[in-house]
Amino acid sequence: EPATLAQEAGELLQKSEIHVEYNVPVVGSTGKRYRVSLKALGARTGGEILIEAMSPAEERLMTPVVNRVFRMWSDVNTARNKVSLLNDDYFSWRQEDLSLLARVSVIRTWSTREVLIEYVTAA
């Protein structure tokens with residue numbers, strides 16, 4: 001997955017005066033270690049928001065990307081705010097994939113970046 005979506009999202013959040021960290025290590029309840037694209041600190045509460053940027057290189061890689069992120073979010077502490085950020089500029093995400101991700105995270109799309117900013121700002 002290209003790092004550009006994570007970089008662009010991080011820069012967008014920083015322009016909104018939101019603290020961002022990149023490539024953040026997290027440990028799931030199983031003990032497995034993961035790397036999450038971004039960690040933002042909520043503007044109101046300072047709470048941690050984990051954001052996984054999802055931008056597969058090809059359409060055929062969409063399902064493996066969703067499977068990887070679903071597994072990670074399922075394993076990571078459920079008390080955390082988790083966002084699946086989808087690149088919808090080039091891809092049309094399947095409803096079954098969105099349904100899976102919605103079970104374990106909030107879904108935001110790159111085409112509606114202002115909604116991502118609002119979500120992080122409200123946290």
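Q: What should I know about the numbering and the model before we start?
A: Residues are counted from 1 along each chain as its sequence is written, and side-chain values use heavy atoms, with hydrogens and water left out. The model is predicted, so local features need pLDDT of at least 70 and side-chain atom pairs count only at pLDDT 80 or more, while totals for chains, interfaces and linings use all residues.

Q: In which strand is Ser84 found?
A: Helices (H or I, at least four residues) and strands (E, at least two) are DSSP runs, numbered from the N terminus. Ser84 sits in strand β4, residues 81–86.

Q: Is Ser84 buried or exposed?
A: Buried means under 20% relative accessible area, exposed means over 50%, and partly exposed is in between (1.4 Å probe, protein chains only). Ser84 has 0% relative accessibility, so Ser84 counts as buried.

Q: What does Ser84 touch?
A: Contact means heavy atoms within 4.5 Å. Leaving aside neighbours within four places in sequence, Ser84 is in contact with several residues, including Glu52, Met54, Trp73, Leu101 and Ile107.

Q: Which side chain makes a polar contact with the side chain of Ser84?
A: A polar contact is a pair of N or O atoms within 3.5 Å; within protein, one must be able to donate a hydrogen and the other to accept it, and residues adjacent in sequence count only if both atoms are side-chain atoms. Here the partner is Trp73, and the polar contact is 2.9 Å.

Q: What about Lys82, is it buried or exposed?
A: Lys82 is also found in strand β4. With a relative accessible area of 6%, Lys82 is buried. Not counting residues up to four places away in sequence, Lys82 touches Trp73, Val76 and Val104, among others. A polar atom of the Lys82 side chain lies 3.5 Å from the backbone oxygen of Val76. Look at Ile49 too: Ile49 and Lys82 are 33 residues apart along the chain, yet their C-alpha atoms are separated by 5.9 Å.

Q: And where is Ile107 found?
A: Ile107 is in strand β5, residues 106–109. Its relative accessible area is 23%, so Ile107 is partly exposed. Among the residues that Ile107 touches, beyond those up to four places away in sequence, are Ser84, Leu86 and Leu98.

Q: How do the axes of α2 and α3 cross?
A: Axes are lines fitted to C-alpha atoms, for helices over the stretch in contact, and angles run from 0 to 180 degrees between N-to-C directions. The axes of α2 (residues 62–75) and α3 (residues 95–104) come within 9 Å and cross at roughly 15°. Angles under 35 degrees count as roughly parallel, over 145 as roughly antiparallel, 65 to 115 as roughly perpendicular and the rest as oblique. That is why α2 and α3 are roughly parallel to each other.

Q: Which residues of α2 meet α3?
A: Thr63, Val66, Val69, Phe70, Trp73 and Ser74 do, and on the α3 side they meet Asp97, Leu100, Leu101, Arg103 and Val104.

Q: Where does Glu17 lie, and what is its phi?
A: Glu17 lies in the loop between α1 (4–15) and β1 (20–27). Glu17 has a positive phi of about 60°, although it is not a glycine. At 77% relative accessibility, Glu17 counts as exposed.
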